[in-house]
Amino acid sequence: MSMFEETPSKSPFRSGYVAIIGQPNVGKSTLLNTLLGQKIAITTRKPQTTRNRILGVYTSSSAQVVFLDTPGIHSPRDRLGQYMVETALKTLEEVDQVLLVVEPKLPDQAEEGIIERLARCTIPCILVVNKTDRLPRDKLLPLLEAYMGMKIFREVVPVSALKGTNVDRLVEILVENMPEGPMYYPEDVVTDRMERFMASELIREAVMEQTGDELPYSIAVDVEEFSERESGAVYIRGIIYVERESQKGIIIGKGGRALKRIGTKARLQIGRMLAATVYLDLRVKRREGWRQDDDSLRGFGYT
Ligand SMILES: Nc1nc2c(ncn2[C@@H]2O[C@H](COP(=O)(O)OP(=O)(O)OP(=O)(O)O)[C@@H](O)[C@H]2O)c(=O)[nH]1
Ligand SMILES: [Mg+2]
């Protein structure tokens, strides 16, 4: 018998699923990226950036936490919005813990609706007060106390997802509250999303960043071709769909300059993700009313 066989004092491996939910633009996807130390979800300063559930895996020697980033909960105005909100709410049924992410202020009416919903379900819920880098210090403690006073949240954790402040503490708390469990994913897996999906998201992020406030919601991106060349370079053909002819003009810009900027930004981001040289061919097409059309929604992966 080897002397290394027994290690009775070793603490058990813990694991579980955690939903990240909240209103649009509170910093859920930024938090996911910071938790993982890697960009897997796109983030912009515009609300309703995330449209699908994004899975991200955090693995240490003693625990694995599977995070599910979700679209912001809002009052939907079209089929796409309905799909997004359903996606967020359904995620609550499949997890061991919930992170409700909020701006560093008291809840508004819509947020109170989300909190009431959480109060009714039995899953442990942790409140994350994000963007604390924007809050004067003396305002923080009363805010945390107000949220604790609701007696709904197991913990109230202030963080700055952008700066990374206190995010380690948040992971500690999550792991402490996890049940004993297996490794759900191999330790080197960070997401279940394919590179093709990530490429289409990085293109959408570049479009959202380069265009004005109304346009982002009319855009969908489809990667028609994603192929590796013998040289190791990757060729990607992406189609940016818009709803109206005028929007096509905005995206392409004078002499194609706007589209060129979008392409450069997206190509650099995708290249970084793949660690490869990327040839990106972007085209813009019009598909009227796609946000209300089930076939189109399915085609773009919003099902
Ligand atoms: N100052 C500050 N800004 C932040 C912080 N976290 C996120 N942001 C910014 O808030 C904006 C929204 O961030 P996202 O991560 O896209 O927000 P989200 O909750 O995923 O948004 P949706 O996907 O639209 O629901 C971006 O401009 C972020 O840079 C933070 O801790 N501090
Ligand atoms: Mg998001």
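Reader: What are the domain bounds in this predicted model, and where do they come from?

Author: Domain bounds come from an automatic or database domain assignment. In this predicted model that assignment divides the protein into domain 1, residues 14–176, and domain 2, residues 195–299. The C-alpha centres of domain 1 and domain 2 are 28 Å apart.

Reader: How do you know that domain 1 and domain 2 are in contact?

Author: Contact requires heavy atoms within 4.5 Å. By that rule, 17 residues of domain 1 are in contact with 21 residues of domain 2.

Reader: What area is buried between domain 1 and domain 2, and which residues of domain 1 lose the most?

Author: The size of an interface is often given as the accessible area lost when the parts come together. Between domain 1 and domain 2 about 1,700 Å² is buried, with carbon and sulfur atoms giving 51% of it. In domain 1, the residues that lose the most area to domain 2 are I42, K46 and R51, together 36% of what that side buries.

Reader: Why is the pair D78 and R291 called a salt bridge?

Author: The rule asks for a side-chain nitrogen of Lys or Arg within 4 Å of a carboxyl oxygen of Asp or Glu. In D78 and R291 the closest N and O atoms are 3.2 Å apart, so the pair meets the cut-off and counts as a salt bridge.

Reader: How many salt bridges and how many residue pairs in polar contact does the rule find across the interface of domain 1 and domain 2?

Author: Across that interface the rule finds 3 salt bridges and 14 residue pairs in polar contact. On the side of domain 1 that touches domain 2, the residues divide into 5 nonpolar, 5 polar and 7 charged.

Reader: How many residues surround ligand 1, and how do they divide by class?

Author: Ligand 1 is surrounded by 22 residues, of which K28, T30, Q48, T49 and D133 are the closest. The shell has 5 nonpolar, 12 polar and 5 charged residues.

Methods: Residues numbered from 1 in each chain as written. Chains lettered and ligands numbered in written order. Predicted model: local features only at pLDDT ≥ 70, side-chain atom pairs only at ≥ 80, totals over all residues. Heavy atoms only, no water. Buried area = accessible area lost by both parts, 1.4 Å probe. Polar contact = N/O pair within 3.5 Å; in protein donor to acceptor, adjacent residues only side chain to side chain. Nonpolar A, V, L, I, M, F, W, Y, C, P; charged D, E, K, R; others polar. Near = heavy atom within 4 Å.
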